[in-house]
Structures are given as C-alpha cells and as structure tokens.
2 protein chains.
Amino acid sequence: MDEQATLLKQEETTKAHELAKKQRDIGVAEFFSRNRHLLGFDNKRKALMTTIKEAVDNSLDACEEARVFPEIFVEVIDMGNERFRVIVEDNGPGIVKAQVPNIFAKLLYGSKFHSMKQSRGQQGIGISASVMYGQLTTGRAARITSKIGKGTKAWYMEVKIDTQKNAPLISESKEVEWDKDQGTRIEIDLEATYMGGNQSIDEYLKETAITNPHATIIYTNPKAEQIIFPKAVDMLPPEPKEIKPHPYGVELGILMMMLKSTESKTLQAFLTTEFTRVGGGTAKQICENAALLPNTKPKALSREQAEQLMEGIKKTKLINPPTDCLSPITAEALEKGLRKEVNAEFYTAATRPPAVYRGNPFIIEVGMAYGGSLDREGPLRLIRFANRVPLLFQQGACAVTKSVMQTQWRNYGLSQSKGQLPQGPLVVAIHIASVWVPFTSESKEAIAHYPEIIKEIKLAIQECGRKLGSYVNKKKRLSFENKKRDYITTYLPYVGEALKEILDLKDEDKKRIEENLVVVLEKTRGTLENLEFDPEKNEDYDEEFAKIGKKGEDEEVDE
Amino acid sequence: MDEQATLLKQEETTKAHELAKKQRDIGVAEFFSRNRHLLGFDNKRKALMTTIKEAVDNSLDACEEARVFPEIFVEVIDMGNERFRVIVEDNGPGIVKAQVPNIFAKLLYGSKFHSMKQSRGQQGIGISASVMYGQLTTGRAARITSKIGKGTKAWYMEVKIDTQKNAPLISESKEVEWDKDQGTRIEIDLEATYMGGNQSIDEYLKETAITNPHATIIYTNPKAEQIIFPKAVDMLPPEPKEIKPHPYGVELGILMMMLKSTESKTLQAFLTTEFTRVGGGTAKQICENAALLPNTKPKALSREQAEQLMEGIKKTKLINPPTDCLSPITAEALEKGLRKEVNAEFYTAATRPPAVYRGNPFIIEVGMAYGGSLDREGPLRLIRFANRVPLLFQQGACAVTKSVMQTQWRNYGLSQSKGQLPQGPLVVAIHIASVWVPFTSESKEAIAHYPEIIKEIKLAIQECGRKLGSYVNKKKRLSFENKKRDYITTYLPYVGEALKEILDLKDEDKKRIEENLVVVLEKTRGTLENLEFDPEKNEDYDEEFAKIGKKGEDEEVDE
C-alpha cells in the first residue's frame with residue numbers, strides 16, 4: 001500500500017500532470033474568431049466583400065428553394081472612420097422566428113450540410129461569421145427582419161454571438177410592420193475599406209448576374225450610386241434534387257458507420273436503401289463480388305467483412321450518379337453570358353458529363369472568349385465559379401488555376417511558358433457544380449486539388465481548346481493569305497507596266513494580262529500555302545489530344 | 001381567435017417552416033471529416049506526410065515543455081495495397097491516462113490554443129485529424145502507449161473518434177510494460193502513398209533537423225532503411241514565456257468581452273492586469289487619452305465608452321510586446337543550418353525585431369545561400385518555416401511567397417519577371433515565429449496574407465538582399481576583371497613577338513617589355529572598369545532601398 005501511495009504521489013507531480021491541467025476544449029467560435037482569415041476576414045477590404053457575398057449567396061439559395069425569382073437589394077453605407085453598414089434584403093421565403101438566432105449567430109448550423117444537393121452555402125458558417133466579425137470590430141449586434149408570408153407579421157431581432165459558447169445572444173426581439181409579402185433583411189456594421197477593381201463588390205455582383213440571369217440585383221454603393229442588374233431570363237434554374245451517396249468513393253470508415261446506423265435488416269436492403277444507383281440486382285452482384293450473403297445483418301459485419309464489401313463494390317460496374325442533384329449553368333448559357341459580358345470575336349463553351357470525387361458528383365463547365373478588344377498583352381483572364389458563385393480571391397491556390405497552368409496551350413496557338421498561365425487575348429470562365437465543393441478554406445475562395453477535379457477541368461479546357469485552336473490557326477492562316485493577296489495587288493501593276501514595255505503591248509492587252517495574272521496567282525496561292533504554312537498541317541489535333549488526355553490521367557497530381 | 005388560428009395554421013405550412021425542419025447543428029468532426037482537405041488530407045501522399053508531421057510536431061513540443069532533448073523515432077511500414085502504418089515515439093513527459101482519449105480522438109481539444117506563447121501545435125486539431133483519417137480509410141483505431149515517469153507503469157489505449165459527437169471511443173485500455181523512463185508512442189494505420197522529392201517525409205525531417213538542431217530523429221522508411229539526424233547542439237532553445245495580449249491590435253469586440261469578464265475592479269487595474277506592457281503610469285495615460293476615469297468599473301463601460309478606450313489606446317505610445325514569448329531560430333543558427341545543408345559560396349541571414357499583427361507578436365527571420373553548386377537555371381528555391389516547422393505544401397498560397405514575388409530582386413543583381421519569383425542560384429529560407437501563426441487553413445501549410453506580416457518579410461528580405469546584392473555585383477565585377485586579365489595573358493605574347501620583329505629586339509628585351517606591359521595594363525585595368533562597368537555605380541543601394549521600403553509600407557496589400 002505504501003508503495004502504491006508513493007507511486008500515486010509521484011504521479012501527481014509529474015510534468016504530464018502539470019500539462020494535463022491546461023488541456024481543455026476549444027470553442028468553435030473562439031477558434032474561428034482567432035482564425036478569422038480562414039473565413040475570409042484577413043483584411044478590411046475582403047471583410048466587406050465576404051460579408052456581402054455570404055448574405056447574397058444565402059438570399060439566392062433561399063429564393064431558389066422557394067421557387068421565386070430573386071429580387072435582392074444590396075446597400076453599402078460609409079459610416080466614416082473605416083466603418084461600413086451592409087444591408088442585404090431579399091424576397092425569399094423568410095425564416096421562422098425561432099431559427100433566426102441560430103442561423104445568424106451560431107457557427108456550424110444550417111440545413112445544407114446534411115443534404116446532398118447543389119447549393120451556394122454548404123457549411124453553416126458564412127453569415128454567422130460575418131455577424132461575428134461585425135461584432136468584434138464595431139461591438140454592434142446584427143439586425144435581422146424576416147417575414148414568412150403574406151398573412152403574417154414581420155419579426156425584428158438584434159443578435160450577437162457568444163464566442164465562448166458559440167451560441168446566439170438576443171438583445172432585441174419584436175414584431176414590426178413590413179410592407180412586403182415575404183423576405184429577409186440583414187444589417188451588419190463592420191470595419192472595412194471599400195475599393196474597386198477585380199476583387200470588388202461591383203465585380204462580384206456583375207459575375208453573379210452572369211451566372212444567375214434569373215435574379216434581379218439592385219446595388220447602392222457607398223457613393224449612393226445605384227446599379228441595377230436586371231433579370232435576363234424568365235425561367236428559374238431547375239431545382240436540384242437531393243441524392244444519396246454513390247458507392248464509388250465511399251470509404252471504409254464511413255461504410256462501417258453506415259452499416260452500424262442503418263435501419264435495414266439485410267445487406268441487400270442496406271445497399272439499395274442507402275446508396276444511389278444500386279437496385280436489387282446490382283446489390284446482389286455486389287454481395288456476390290464481396291463473397292458475402294445478401295441477407296447478412298448489416299450491424300453484424302466485422303471490419304474485415306466491411307473491407308470485403310468495399311472490394312465487392314469496386315469490382316461491380318455501376319452507373320454514374322444521377323445528375324439531377326446538380327444544376328449546371330449549361331454551355332449555351334455560359335457562352336451567352338460571355339457574349340454579353342466580353343467583347344471578343346470567338347466564343348465557345350462546353351459542359352462535361354458528371355464525374356465523381358470521393359463519392360460526390362460534380363460537373364465542370366468551361367467557356368472561352370478570344371480576340372476582339374481583349375488585351376493582347378499579358379496572361380489570359382480567368383473567371384472562376386463554384387455552384388454559380390464567383391470566386392474572386394486566392395486564384396493562386398485554386399485547382400482551376402493549376403489545371404489551366406498544366407494545359408498545353410501552345411497546341412491551341414497561344415504562347416505559354418512551362419507551368420505558367422498562357423498569354424493572349426483570352427478569357428476563360430470555369431464553373432464547378434457539385435453537391436459538395438471542396439474549398440481550400442472555410443472562406444470558400446479556392447477549390448482544393450483533388451486529382452479527379454483537376455482531370456475533369458483539364459478535359460473541359462481541352463474540349464474548348466480544340467475549337468479555339470482551329471479558330472486561332474485559321475485566323476493565322478487568313479492573315480497570311482491576306483498578306484499574300486496584298487503583295488499581288490500591290491506589285492501586279494508594276495509587273496504589268498514592265499511587261500508592257502518589254503513586249504510593247506497596248507493598254508488593253510496589258511489590262512487583260514494583269515487580270516489573267518490575278519486569276520492564275522490566286523489559284524496557286526492556296527496550293528503554295530498548304531506547302532508553306534505550318535498550322536495547316538496540325539489542323540487535326542485529335543491524336544495529339546489523345547496523348548495529352550492520357551498523360552493527364554496517369555500524372556500524379558501534385559500540390 | 002379564429003383569425004389567430006387561421007394565421008397560425010397558415011404559418012405552419014409556409015416554406016419557411018418546411019425549411020426550418022431541416023436546420024440543425026453540424027458536428028465539428030462531421031464538418032472536418034467531409035472537409036478533410038482543410039486538414040491536409042486531400043490526397044494519399046499528403047495524408048502520410050501530414051500524419052507524420054502532426055505526430056512529430058507534438059513530440060517536439062512536449063519534449064521542449066519538459067525541457068528534455070527530444071529523441072524521436074519515426075517509422076513508416078508498407079502494409080501493401082496502399083496501406084501504411086505510421087509509428088512515432090518520443091521521450092517526452094508522457095500523457096496522463098485520462099487525457100489520452102481527448103488529445104488523440106477529439107478535435108478542438110488541447111493546451112496550446114489558450115496560451116499566448118510560441119509552439120508548433122496551436123489548434124488542438126492535428127493529431128486527432130490523423131487518427132480520424134486513419135479510421136475513415138482503414139477502419140482501424142489508433143494505438144497509443146504513454147508513460148509519465150520512471151516509477152510509473154505505461155498505459156496502452158486504442159481509440160477512435162465518434163465523428164457525429166466529436167468524442168473519443170475507447171476500444172482497449174490496459175497497463176503494459178514499457179522499457180523506457182517516459183514518453184509517448186502512437187501507431188496509426190492509414191491509406192496513403194509513399195514518394196520521395198521536395199514534398200517528402202525525408203525532406204520534411206531534414207528541414208526539421210535544420211531548425212531543431214537540439215533534437216535527435218531516427219527515421220526508418222518503408223524500405224526499412226534507417227536515416228539518423230543526430231543532435232547537433234547541446235543547448236535547448238530558450239523556453240518561450242506565456243504573455244498577455246498587447247493593447248495594440250486588440251479589437252473593440254474583444255475588448256468589450258474582456259471588460260465584461262475581468263475580475264479587476266477599476267479600469268486602471270484592468271489595463272495593467274490584462275495586458276502586457278501596461279504599467280500603472282501607462283494605464284493612467286490611456287485613461288486620460290480616452291477621457292475616462294481610471295477608477296471606472298470595467299463592467300460598467302458602455303459600447304461607446306469601450307470605443308473611447310480603444311481610441312485612448314491608439315493615442316498612447318506603448319513599448320513593443322516582449323519577445324520572450326517567442327523563440328526565434330536566430331540569424332547565426334539559420335546561417336549555420338544553411339551552410340550545413342546547402343553547398344553555396346555566399347551565405348547571409350537576418351532576424352527582424354519583433355512586430356505585431358492583430359495583437360500577436362511575431363518575428364521574421366531570413367537566410368540566404370547563393371552560388372556554388374546551386375542550380376543556375378530556374379527560380380530560387382524557397383524554404384518556409386513557421387515556429388520551426390517546415391512548410392512543404394501550398395507555396396503558391398503563402399504570404400512568404402507573395403513577399404518574395406513583390407521584392408525587387410533586380411536591385412540585388414538577379415533577374416526577375418514582374419511579380420514572379422526571381423531566377424538564379426539562390427536558396428531563401430524564411431521563418432515566422434509567433435504566438436499565433438495565421439495559417440490559411442487548418443492543415444497549417446501556408447501563412448495568411450496579413451499586411452503586417454508581408455511588410456516584415458519584405459524588410460527582412462531587403463536586409464539580406466542588400467548584402468547579397470553587394471556580393472553578386474562584386475562577383476560580376478570580378479568575373480569582368482578576370483576576363484580582361486585573360487585577354488592580357490592570352491594576347492601579350494603575340495604583342496611581344498610582333499614588337500620583337502618590328503624593333504628587332506633580343507629575347508631578354510622582349511621578355512622585359514612583356515613584363516612591363518603586364519604591370520602597366522594591370523594598373524589601367526581597374527580605372528577602365530570603373531568607367532565601363534555599371535554595377536559599381538550602384539554599390540550604394542541605400543537610397544534605392546529607402547524608396548522601396550517606403551513603397552512597401554504605403555502599398556495596399558492585396559490578396
């Protein structure tokens with residue numbers, strides 16, 4: 001007993017015990033308040049942009065869920081001394097009173113995380129982060145007004161976040177009159193700076209209007225100027241359907257958790273109930289390939305058997321996930337948007353078939369605009385979208401940028417240093433639509449480097465690139481041809497004059513000979529070019545592309 | 001009443017009510033398990049690297065806290081089929097039994113988040129994320145053995161994370177024999193791929209050894225080869241002290257929270273107790289500048305008064321935060337490390353004085369190695385460290401990279417395209433030491449773009465750059481001089497021969513004249529160069545630098 005006591009006493013004085021006293025839970029809001037750059041608040045300029053983006057994204061999501069054409073008012077008021085008031089108001093379905101505090105003043109709370117369908121928000125962090133940033137920098141609560149339908153009253157609330165508990169603090173809550181059928185309005189005061197340029201609110205709203213032509217956005221900037229982005233189409237985008245996970249890409253650990261928590265009584269039922277694209281026949285085949293009986297109880301499966309099941313899934317041929325969980329912009333709309341926005345001479349766009357990363361379906365779309373009044377100097381302009389939301393920051397960290405850099409743009413007639421962005425009068429817009437967009441941080445500014453995503457982006461670029469390449473090379477050929485034509489028109493009169501002298505011709509003979517010469521020379525011109533001009537030889541790029549495509553597939557995607 | 005009832009019924013059938021049913025909490029572990037790329041698990045190669053990094057970082061932190069020289073064993077075993085076993089064992093203080101499950105199987109749990117002092121870990125996420133990744137990909141629990149002192153028994157546990165609840169699940173827990181005084185050992189099985197190169201485990205451990213010369217690291221790779229990084233110094237780095245926040249950089253919202261929760265009875269006491277660098281006199285001065293009475297009750301301050309207090313702080317001149325919370329590598333050690341590691345001809349290093357971003361003190365250190373056997377083609381090689389930990393990924397997203405790109409390297413004799421990395425045989429190592437390093441994601445791979453940090457990095461680069469510039473230009477001058485000398489040695493004999501013929505000289509006369517010519521020409525050489533060679537004119541860079549420094553300060557730091 002004595003020895004035990006000594007041991008115990010000794011134990012309690014160790015360094016380990018001293019350290020143990022400091023160990024404790026870290027609150028989610030505490031964590032993000034210190035790491036606010038993760039949420040897009042690393043400087044005052046971005047803070048303003050991020051706040052507007054989060055509010056507008058939520059408004060668009062809400063309106064689409066309720067199937068109404070979004071009408072969104074955005075107002076930024078300069079309060080002096082680097083303080084701004086942001087107001088965003090929509091005509092969406094509104095939010096029930098009880099949910100307002102949680103939605104606006106609690107991190108990791110929302111409806112979109114647990115549903116597998118495309119939406120702008122997904123994490124349940126964004127707008128509460130803006131409320132938190134506003135409160136940290138100005139000490140003021142966010143003001144929310146919401147009305148959920150014609151016959152109801154509007155409700156007004158002032159909320160802050162208790163950052164230690166990650167829980168809402170309500171400082172005001174009352175019924176108010178609001179001359180509007182339904183909608184939500186949020187007002188946040190925050191420390192910020194307002195600037196124009198490529199990463200400005202104006203640019204964000206302009207790009208948002210391109211990918212959301214069904215929305216009306218009315219923006220009043222700090223100079224009290226109003227800019228209206230009117231609705232451009234009379235159709236809402238199709239409503240994305242919620243789906244179940246696809247068996248490919250589900251991991252062992254997740255599968256084991258699903259097996260434990262399922263209500264299905266047999267393995268076959270489990271497979272058909274919990275996954276998409278698995279009917280009775282396919283489920284049986286998976287079981288057969290896994291050497292497991294279809295009527296095994298899911299809860300009874302051991303780790304080893306779950307691993308067998310994984311192997312069985314891998315061996316079974318399955319249809320790709322359904323695409324109705326996604327709402328791509330479509331190639332036509334993307335091209336139309338570029339034509340409206342960018343003054344170029346050549347446009348093209350493509351939508352890839354859906355693909356899967358880690359069980360999540362996604363679609364890549366690419367649009368290109370070339371030539372015209374676009375800047376001939378410097379690199380291409382890259383416009384990135386994720387679930388119809390423009391991404392303005394962290395271009396360097398984005399899988400989209402990496403994919404563009406890894407593409408062989410020389411094949412399409414553009415100059416490019418190895419591993420850099422290509423040079424030339426080119427705008428490339430790239431959209432990823434997914435039930436879960438893997439962003440590199442909570443601020444949702446750049447796409448993570450998943451090999452499957454990079455591969456799809458490259459394939460989409462190649463699809464458009466081939467058309468671009470034909471155009472660029474044709475243009476080069478034409479300009480070459482025109483130059484020749486110019487030579488003929490310029491020098492032929494002199495040739496005529498010389499011949500006239502040598503052969504002692506009459507004026508009409510000279511004219512006839514000149515005309516004949518033009519015809520003969522025009523004829524040979526084509527033939528000559530084919531022999532001389534290089535790009536022509538490469539017009540059929542298919543073999544080249546097949547190689548590149550293959551290379552892309554084998555390549556280890558590095559960071 | 002009827003109207004009320006109708007209204008109520010109507011209310012419950014609105015879209016808002018339907019949406020409300022889906023709103024709910026999102027678990028932290030759930031969040032990160034879906035967003036595992038935020039934690040450094042976006043591909044199999046990185047997964048292995050990240051797991052080792054998190055375990056080794058923890059071991060180094062633990063050993064230093066207990067003031068023992070770290071002896072760390074790292075072993076990676078290839079289990080086939082893209083599965084690996086990672087084992088990391090240290091001689092640190094160990095972990096008390098009750099804390100093991102929380103430390104290894106609960107996200108956002110730890111001792112370092114709440115203390116303001118430099119450490120490698122800070123978020124309480126890393127190692128639990130590795131355990132979670134291992135369990136998701138292989139279904140297996142992590143195995144931990146820990147012993148907290150000589151007289152005690154070791155304890156063995158197997159843990160997983162309940163990802164829905166973010167809580168540990170213990171599947172085994174028992175006393176075991178361990179032939180070791182103290183330490184911790186962790187074994188994790190995970191899906192991964194093993195590769196060499198710039199972002200490999202070997203590289204990470206090599207760079208770790210450079211910045212941690214007090215540690216011994218013994219690494220057994222999947223080919224069962226053992227690589228030993230022996231301890232190189234007999235001194236532990238000074239123990240960083242915990243500090244309180246500095247008043248500059250504290251924000252209004254945080255200040256208001258501190259005022260509410262303080263135990264101090266007066267404003268003056270609050271200021272001296274809760275902040276660093278505020279004595280009684282300074283506190284009074286702050287109060288005076290804020291037009292507040294020093295004996296005001298902190299809890300009684302309104303938002304407006306807190307804002308006054310902020311203004312008062314801004315107006316008061318305060319000493320920079322103490323630096324003993326930081327443990328820089330030191331310029332000498334950094335240069336020594338580079339000399340050991342990099343085969344170059346010129347080395348230099350600098351440590352900046354401490355600076356502050358958002359209230360957090362930090363120090364920037366830069367080391368450079370130039371010439372020698374370094375690659376003359378392509379861009380410089382950039383080595384990044386944060387709190388002595390090498391950063392191998394996401395170079396493009398890092399504030400360090402941005403600062404290097406924004407530096408005018410042509411001033412130092414290197415070629416550089418606008419806004420790109422400079423070209424040349426150069427290695428630049430940059431270290432940020434801070435009580436809180438602002439990483440761009442939870443995976444701690446890149447530094448966020450805080451303007452204060454970018455500015456300091458640029459200043460540190462300029463400090464070393466000036467010395468580098470002198471060297472590079474001197475070298476250019478020497479090579480020019482040598483070329484001339486070559487001409488003299490090559491052509492003089494012919495001149496001699498010609499003179500001999502023309503003047504009909506004897507052989508000894510010819511020899512004498514040749515020698516005289518060498519002397520005369522060597523003398524004029526210097527003078528000629530001064531007239532012809534450009535860099536000489538620029539040797540005094542100071543004015544130029546003053547301009548650059550100033551420009552850097554005024555510049556809006558964009559993303």
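Which residues touch the most other members of the largest nonpolar core? Read on through the close-ups to find out.

This is a predicted model, where local features need pLDDT of at least 70 and side-chain atom pairs count only at pLDDT 80 or more, while totals for chains, interfaces and linings use all residues. Residues are numbered from 1 along each chain as its sequence is written, chains are lettered from A and ligands numbered from 1 in the order in which they are written, and side-chain values use heavy atoms, with hydrogens and water left out.

**View 1. The core around A:Ile447.** Here is the reply to the opening question: A:Ile447 and B:Ile447 touch the most other members of the largest nonpolar core, which has 208 residues. A nonpolar core is a set of buried Ala, Val, Leu, Ile, Met, Phe, Trp, Tyr and Cys residues joined through side-chain atoms within 4.5 Å. "Buried" stands for under 20% relative accessible area, "exposed" for over 50%, and "partly exposed" for in between (1.4 Å probe, protein chains only). Skipping neighbours within four places in sequence, the contacts (heavy atoms within 4.5 Å) of A:Ile447 include A:Ala386, A:Leu391, A:Val400, A:Ile432, A:Phe439 and A:Ile453. In soluble globular proteins, nonpolar side chains tend to be buried together.

**View 2. Helix α11 of chain B and what covers it.** Helices (H or I, at least four residues) and strands (E, at least two) are DSSP runs, numbered from the N terminus. Helix α11 of chain B has 13 residues, 303-315, and at 1.5 Å a residue it should span 18 Å; its end C-alpha atoms are 19 Å apart, which agrees. That expected span is 1.5 Å times one less than the number of residues. The buried residues of this helix are B:Arg303, B:Ala306, B:Glu307, B:Leu309, B:Met310, B:Gly312 and B:Ile313. Their cover comes from both chains: it includes β3 (83-89) and α6 (126-138) of chain A, plus α8 (252-261), α9 (267-274) and α10 (280-290) of chain B.

View 3. With a relative accessible area of 3%, A:Thr407 is buried. Its side chain reaches the backbone oxygen of A:Ser403 at 2.8 Å. Leaving out residues up to four places away in sequence, A:Thr407 touches A:Tyr412, A:Gln416, A:Lys458 and A:Ile461.

**View 4. A salt bridge between A:Glu203 and A:Arg381.** A salt bridge is a side-chain nitrogen of Lys or Arg within 4 Å of a carboxyl oxygen of Asp or Glu, and the structure holds 70 of them over all chains. In this one, the closest N and O atoms of A:Glu203 and A:Arg381 are 2.9 Å apart. The pair links distant parts of the chain, with A:Glu203 in helix α7 (residues 201-211) and A:Arg381 in strand β14 (residues 381-386), 178 residues apart. A:Glu203 is buried at 8% relative accessible area, whereas A:Arg381 is partly exposed at 29%.

View 5. B:Arg85 and B:Asp189 form a salt bridge, their closest N and O atoms being 2.8 Å apart. B:Arg85 is partly exposed, with 21% relative accessible area, but B:Asp189 is buried at 4%. There's also a salt bridge between the side chains of B:Glu89 and B:Lys180, at 2.5 Å from N to O. B:Glu89 is buried at 13%, and B:Lys180 counts as buried at 16%.

**View 6. Positive phi at A:Thr330 and A:Lys444.** A:Thr330 isn't a glycine, yet it has a positive phi of about 80°. This residue lies in the loop between α11 (303-315) and α12 (331-341) of chain A, and is partly exposed at 34% relative accessible area. A:Lys444, again not a glycine, has a positive phi of about 55°. Its place is in the loop between β16 and α14 (451-503) of chain A, and at 6% relative accessibility A:Lys444 counts as buried.

Definitions and conventions
A polar contact is a pair of N or O atoms within 3.5 Å; within protein, one must be able to donate a hydrogen and the other to accept it, and residues adjacent in sequence count only if both atoms are side-chain atoms.
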